[in-house]
Amino acid sequence: MGCVMKAVLKKLTSFQIILLGFAGVIFTGMLLLMLPVATASGKSAGFSDSLFTSVSAVCVTGLITQDTATYWSGFGQTVILFLIQIGGLGVVSSAMALVWLTGKRINLKQRSTMQEAVSAQQVGGVVRFTRFIVTVTFFIELMGCLMFMPVFCRELGFLKGLWYSVFHSVSAFCNAGFDLMGYKEQFSSLTSYSGNVLVNVTAMMLIICGGLGFATWDDIRENKLQFRKYRMQSKVILVTTGILLVVPMIYFFFVEFSGWDMSLKDKLLASAFHTVSPRTAGFNTVSFSSMKQGSICVIIVLMLIGGSSGSTAGGMKTNTLAVLVSSAVSVFKHRDDTDFFGRRIDDDNIHRASALLMLYLTLFISGGVAISVIEDLPLIDCMFETGSAVATVGLTTGITPSLGTASRCILMILMFIGRIGGLTFIFAGSIHDKKKFSRLPLDKISIG
């Protein structure tokens, strides 16, 4: 049997291994959540709820059909936490970490798969990089847990407060958006902590750290504050992330929350939190039903952008956005090349960024229209859910628990594609032709 498995794996591409790895973990998680011990009532959860929850957890999305705190038992919540951790690290990274811990050798095929999974620049040093990913993940999650503990332990006692601190630290760093606040009010997320500075700041820092990407953290570790020595990708990610943190926050503070009956401190916290969380964490501290339609649209855009490549976050990624914007600027200025920080961007990267934008927009819009037609619900609400799903965010207007089977299947497909990556999903199912040495005749087509 082992020989057969090895023979099958040799025939699979790195993209197919990543896809099948995520599918395998989702199936295992579903089976565990279907056990009677996984629910608070002691009755076996339905196939639909178990599968949806497993997909959402592994894809670090946070959309749920049942309240995590009240429906699932301690065992069920632990299963969800492990699924989130595996999904956040990446199935391949998690598996390779176990191989590394057991002292086994990692062959070239496994290294190549790891390179694709963690978005490493090259195969060389990918094992060291995976060790760095595991170390950074657990260190930051530990720090987040320690920062949450004063609040949760004071409210819930030491043991339960410790569990809540661990759960929310992992969920925030992995950009999952799962919470255990349903004991106060079901599906309430962090709304009861909208004015708590420690909870807000800790959650935001964990989300940002998880969304920057491990390659960026490796750059920061090596070069400290010497920004000029950073790799070009790290510079692009940090600058783009900074812009995406400042500009939307200004919008929310002056346009959305300026008229709300809140203190200045609470307005600042709400503005900052709802700038950070939509890029792909899935927590919220205020109700979206009270927001302006314009603000909902801003949140949808932030969701689709997401975090950065090689991070725990989903979405099209900040570096993809930067390439698209820079490419457009080059066209506007009649320049032949797209560049950042004195470095030219390869045309293949521009083509991939354009394809990724088209793919995400197609999935987001078609999924939203389909659910709107099936459920007879407002299109903006449905598109909010599909944007949240394909970008693996987890924010919701509240319609997900009431959706029918067909609509849930649409969301699960979007979450799965969003987590493994749109291009990875396409490449896994495509047959790569051998490189052609001849090219078709060149012709022109009008644009615009």
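This report covers the salt bridges of one predicted model.

## Basis

Residues are numbered from 1 along each chain as its sequence is written, and side-chain values use heavy atoms, with hydrogens and water left out. In this predicted model, local features need pLDDT of at least 70 and side-chain atom pairs count only at pLDDT 80 or more, while totals for chains, interfaces and linings use all residues.

## Salt bridges overall

The whole structure holds 8 salt bridges. The term means a side-chain nitrogen of Lys or Arg within 4 Å of a carboxyl oxygen of Asp or Glu.

## Asp 218 and Arg 221

Asp 218 and Arg 221 form a salt bridge, with 2.9 Å from N to O. Both sit in helix 11, residues 214-223. They are 3 residues apart, so about one helical turn separates them. A helix here is a DSSP run of H or I, at least four residues long, numbered from the N terminus.

Asp 218 is buried, at 4% relative accessibility. Arg 221 is partly exposed, at 39%. Buried means under 20% relative accessible area, exposed over 50%, and partly exposed in between (1.4 Å probe, protein chains only). Salt bridges also link Asp 218, Arg 221 and Glu 222 in a network.

## Two further pairs

Lys 265 and Asp 266 meet through their side chains in a salt bridge of 3.7 Å, N to O. Lys 265 is partly exposed, with 41% relative accessible area.

Arg 335 pairs with Asp 339 in a salt bridge. Their closest N and O atoms are 3.6 Å apart. Arg 335 is partly exposed at 36%, and Asp 339 is partly exposed at 33%.

Notes:
Helices (H or I, at least four residues) and strands (E, at least two) are DSSP runs, numbered from the N terminus.
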